[in-house]
Every structure is written in structure tokens, then in C-alpha cells.
Amino acid sequence: MKIFVTGAAGFIGFHVSMALLGRGDKVVGIDNLNDYYDVRLKEARLEELSKHQNAKNFHFVKLDISNTQALLELFAQQKPQRVVHLAAQAGVRYSLQNPHAYAQSNLVGFTNILEACRHHGVEHLVYASSSSVYGGNTKLPFSEQDNVDHPVSLYAATKKANELMAHTYSHLYNLPTTGLRFFTVYGPWGRPDMSPFLFANAILSGKPIQVFNHGNMMRDFTYIDDIVEGVIRVLDKPATAEGPDADGIAAKAPFRIFNIGNSQPEKLMDFIKELETALGKIATKEFLPMQAGDVKATFADTSALERWVGFKPSTSLSVGVGRFVDWYTNDYKHLEGLV
């Protein structure tokens, strides 16, 4: 198949592109290479894609999805069969300082993706949502059937808006869409603004790590390979108007929402211990209050995903952290100028 992957130079987009190339698909990668974090890491991911044994099947286009005309022209020219939409302005905390970046990328950009898919006969749109849509919910685990009308960050609000927008297009235009609520994704080639990177860098540099809510946090850490497996299995099974998880209004449209998480929430302090063990060095910890826009715990109910595609993430924290540290200490450290 010919598949568009937006955000192809990003953490998840890079890994999804690698996996699609590995099975023989043609991939058109789209990314605006913005400077939210070091562009050189994004360029290094693209360099890895260019070394893939099936690199001839990869075509990269530098493009901002908020550029309506350019995006529509690319769809008309390339005619993708399916789309994995992972481009977005990421980060909960950054949304407190730069809200307009989220409106432009996550709302305007997503509208453009929906319009392009509608007008160019795309068979299935799979897009990234987020566990952050659960906001201040306290009932655990989080289920797709839970109310998600109370986001606690603008980032979360834009992801909830994406789900509503996708449902509208599925309902009005019979466009199959599937939203995936990712839970704390980590692993090799990850984002420098996320805790594994921040902690590893600080620990190895002998600097204190910032531990929010005094360490009383739990996260459903999900290893990148499990996320990729879930994305591709879902991509291969377009949403329908019927099925085991179609109920209420959703039963009238080819629309799905699934959690992808490890279903194993871990204490933040246990995550730090795993990191310390893998790095062979104890962290100096600076305990701080809860940050605005943050939540105390996340925990994914993945039973709907299991019913739909027969897959459940299962990589243990010790295995995943070990692989991340191996990459960070052996590969990332050698990327010129990044450390």
C-alpha cells in the first residue's frame, strides 16, 4: 500500500514508518521539522529511514499540515490509500505557554487532514489521540466509554476535539477513522522533553531530576514497539459502522476510538529506580508540587483494542527502560552535537 505518515520525523512517526517500510509498504513521510525540540534529532531519524533496506519506498516531504493548499496538492499528486496522522504540537506543559501553536497544528492541521482524506478517497485514517483526554477522571482504569468532557490542558482539549471532528467526517462522509489514545510512550529515539530523556540526561550529568507531586504519580508507561504494533494492526482493519465496540451513535458511522497502553500503571519512583539500575547511577531528586495541567495517574483499559485486533501491549518496564538506556548511552550519545 501507499501510506502517508504525518509527523514522520517525530518519535512515533519514525518508528511507524520504519515498520511499514519493513513489510514492503510505500511510505510518504510528512513533517514540518519544527524546533519544539532539537531539529537535529528529527534529522537523525530521517537519516535512519534513508538507510532502511527498503529506503527506495520512502519519500519525505517537508510540509506543514496547516498549509491547506500544499497538503491538498500533495494528496492529489500522491494518492495515498491510507493515512497515519501523528503530526501534532505535542506536550502538555508547552501548551500553557504557547496555545496558538496547538490551535494551528492540532485543530487547523487536523481539519486539513480530514478534508484531504475526504476528497481523495482515503480508505482509512488512523490518528493519534492521547490519554490526556481523560483529564481529571479518577476512575481507573480509563475506558473508552468514560466521559472525557473535562480536559485539564489545552493539549488534551485539542485531542478531544480531534475525536469529535473525526466522528463528524465518519458520519457525514463515510470516512473510516480510528483514534488511538496513547499512554506515556517511551523508548529509543524518544522525545527529549519527556521524562526518560530528561531524567537520563540529568542523572548522567550529576544534576538533580525534578520529581513532581513529590513522586506520588503513576503512569501507564507503554513501550514504543507495542505502540507501533497496535497502530499497524488497527491501520490494517478500517473502522466499520458495526462491530463489538460499536454502540450508540458510533454504530451509525465507521468510527473507532481505542486506548493503547500497557494496562500496568507504574509508580513514578519505581520508574526512576529502573532508570537508575540501567544507568548504574543514583539520581539526586528534587521533589516539587504537581504541575498545572498534569494528572496524578493514568491506567489504560485495552480490552476494546484486544477484541478488535487481538493485540495487547505487554513489554515490561524493566525491559523497555533497559532498551531505552542502551540506545541513549550507545547511540544517542554519538549523534553529533546533540549531547
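A crossing of two helices is called right-handed if the near helix is turned clockwise from the far one by less than a right angle, and left-handed if it is turned anticlockwise. In this predicted model, the crossing of α7 and α11 is right-handed.

**Overall build**

The protein contains 11 helices and 13 strands. Its radius of gyration is 19 Å, close to the 20 Å given by the globule rule for 339 residues, so the protein is as compact as a globular protein of that length. Along the principal axes, the C-alpha trace spans about 55 × 45 × 40 Å. Of the 339 residues, 55% are buried. Among contacts between residues at least 6 apart in sequence, 82% join residues at least 24 apart.

**Packing of α7 and α11**

Helix α7 covers residues 195-205 and helix α11 covers residues 317-330. The two pack at an angle of about 55 degrees, and their axes lie 11 Å apart.

| Helix | Residues in the contact |
|---|---|
| α7 | Pro 196, Phe 197, Ala 200, Asn 201, Leu 204 |
| α11 | Phe 324, Trp 327, Tyr 328, Thr 329 |

By class, the contact of α7 with α11 has seven nonpolar residues, two polar residues and no charged residues.

Terms used
Residues numbered from 1 in each chain as written. Predicted model: local features only at pLDDT ≥ 70, side-chain atom pairs only at ≥ 80, totals over all residues. Heavy atoms only, no water. Axes fitted to C-alpha atoms, helices over the stretch in contact; angles between N-to-C directions. Helix = DSSP H or I, 4+ residues; strand = E, 2+ residues; numbered from the N terminus. Contact = heavy atoms within 4.5 Å. Nonpolar A, V, L, I, M, F, W, Y, C, P; charged D, E, K, R; others polar. Rg over C-alpha atoms; globule rule 2.2 N^0.38 Å. Buried < 20%, exposed > 50% of the residue type's maximum accessible area, 1.4 Å probe, protein only.
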